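Biologist: I have a structure open and would like to go through it with you. Can we take the overall picture and then the details?

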Amino acid sequence: EVKSSTGADIEARFHPGVPMEITEKATMLHGKKGKSMAIIPLTESNMKSGRHAYLPVRADAKLSWIPYMSSLTKSESETSLIAHLVLPVNDLKEAETIKASASCTLVAGNNRSISFSYNGKKYNYYFDQTTEGLVLKK
């Protein structure tokens with residue numbers, strides 16, 4: 001959950017440290033040995049790449065750039081929900097299949113439920129609304 005003014009731009013940044021490929025439905029992270037993971041947004045957002053400068057504080061410091069992936073959304077109220085799945089996948093097609101099966105829904109009061117199918121199994125996670133925000137139900 002993110003607290004902000006209604007209509008504010010909200011940006012969540014991921015710094016994967018590996019090559020990435022951003023598509024409309026997921027961001028693919030490509031690791032060593034051909035292994036991949038996907039960042040799959042469950043709430044309405046646009047994804048884009050960016051980079052920011054990094055200059056350590058030391059005598060031999062050199063400026064470098066750190067790439068990141070942003071998930072951008074506009075708040076519709078003072079409290080906005082940003083949710084993503086991060087899962088190992090074989091390819092983009094598998095990530096798209098997971099996204100098509102996924103839902104993030106409001107249940108009983110302000111509690112939330114996240115569900116998706118992965119490797120032939122259905123997963124459901126429930127979050128209780130507390131004074132500190134959403135907490136995964138045990």
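Modeller: What follows goes from the whole chain to single strands and then to a few residues.

Biologist: What kind of model is this?

Modeller: This is a predicted model.

Biologist: OK. How many helices and strands does the protein have?

Modeller: The protein has one helix and 13 strands. Along the sequence the pattern reads β-β-β-β-β-β-β-β-β-α-β-β-β-β.

Biologist: And the box that the C-alpha atoms fill, what are its dimensions?

Modeller: Roughly 55 × 40 × 30 Å, taken along the principal axes.

Biologist: What share of the residues is buried?

Modeller: Buried residues are 31% of the 138 in the protein. The exposed surface comes to about 9200 Å², and carbon and sulfur atoms supply 52% of that.

Biologist: What about contacts across the sequence, say residues 24 or more positions apart?

Modeller: Among contacts with a separation of 6 or more, such pairs account for 51%.

Biologist: Charges next. How many positive and negative side chains are there?

Modeller: There are 18 positive and 14 negative side chains. The centres of the two sets lie 7 Å apart.

Biologist: On to sheets. Which strands make up the open sheet of three?

Modeller: The order is β2-β7-β6, with antiparallel pairing. The edge strands are β2, residues 9–14, and β6, residues 46–54, and each of them pairs on one side only. Direction ignored, neighbouring strands in this sheet are turned by 40 degrees against each other on average.

Biologist: How many bridges join β2 to β7?

Modeller: Six, and the two strands run antiparallel, with β7 covering residues 64–74. In that pairing Arg-13 stands opposite Ser-70 of β7.

Biologist: And the other edge? I was looking at Gly-50. Where is Gly-50 found?

Modeller: Gly-50 is in strand β6. Setting aside neighbours within four places in sequence, Gly-50 is in contact with Ile-66, Pro-67 and Tyr-68.

Biologist: How far is the C-alpha atom of Gly-50 from that of Met-20?

Modeller: They are separated by 11 Å, and the two residues are 30 apart along the chain.

Biologist: Met-20 takes me to β3. Which strand do three bridges join to β3?

Modeller: That is β4, residues 27–30, which runs antiparallel to β3, residues 20–22. Glu-21 stands opposite Met-28 in β4. β3 and β4 form a hairpin with four residues between them.

Biologist: Is Lys-33 buried or exposed, and why?

Modeller: Lys-33 counts as exposed because its relative accessibility is 82%, and the cut-off for exposed is over 50%.

Biologist: What about Asn-119, what is its phi?

Modeller: Phi of Asn-119 is near 55 degrees, which is positive in a residue other than glycine. Asn-119 lies in the loop between β11, residues 111–118, and β12, residues 121–130.

Biologist: Buried or exposed, for Asn-119?

Modeller: Asn-119 is exposed, since its relative accessible area is 61%.

How values were computed
Residues numbered from 1 in each chain as written. Predicted model: local features only at pLDDT ≥ 70, side-chain atom pairs only at ≥ 80, totals over all residues. Heavy atoms only, no water. Buried < 20%, exposed > 50% of the residue type's maximum accessible area, 1.4 Å probe, protein only. Contact = heavy atoms within 4.5 Å. Areas by Shrake-Rupley, 256 points an atom, 1.4 Å probe, with all protein chains shown as cover. Lys, Arg positive; Asp, Glu negative; His and termini not counted. Charge placed at Lys NZ, Arg CZ, Asp CG, Glu CD. Pairing = 2+ DSSP bridges. Axes fitted to C-alpha atoms, helices over the stretch in contact; angles between N-to-C directions.
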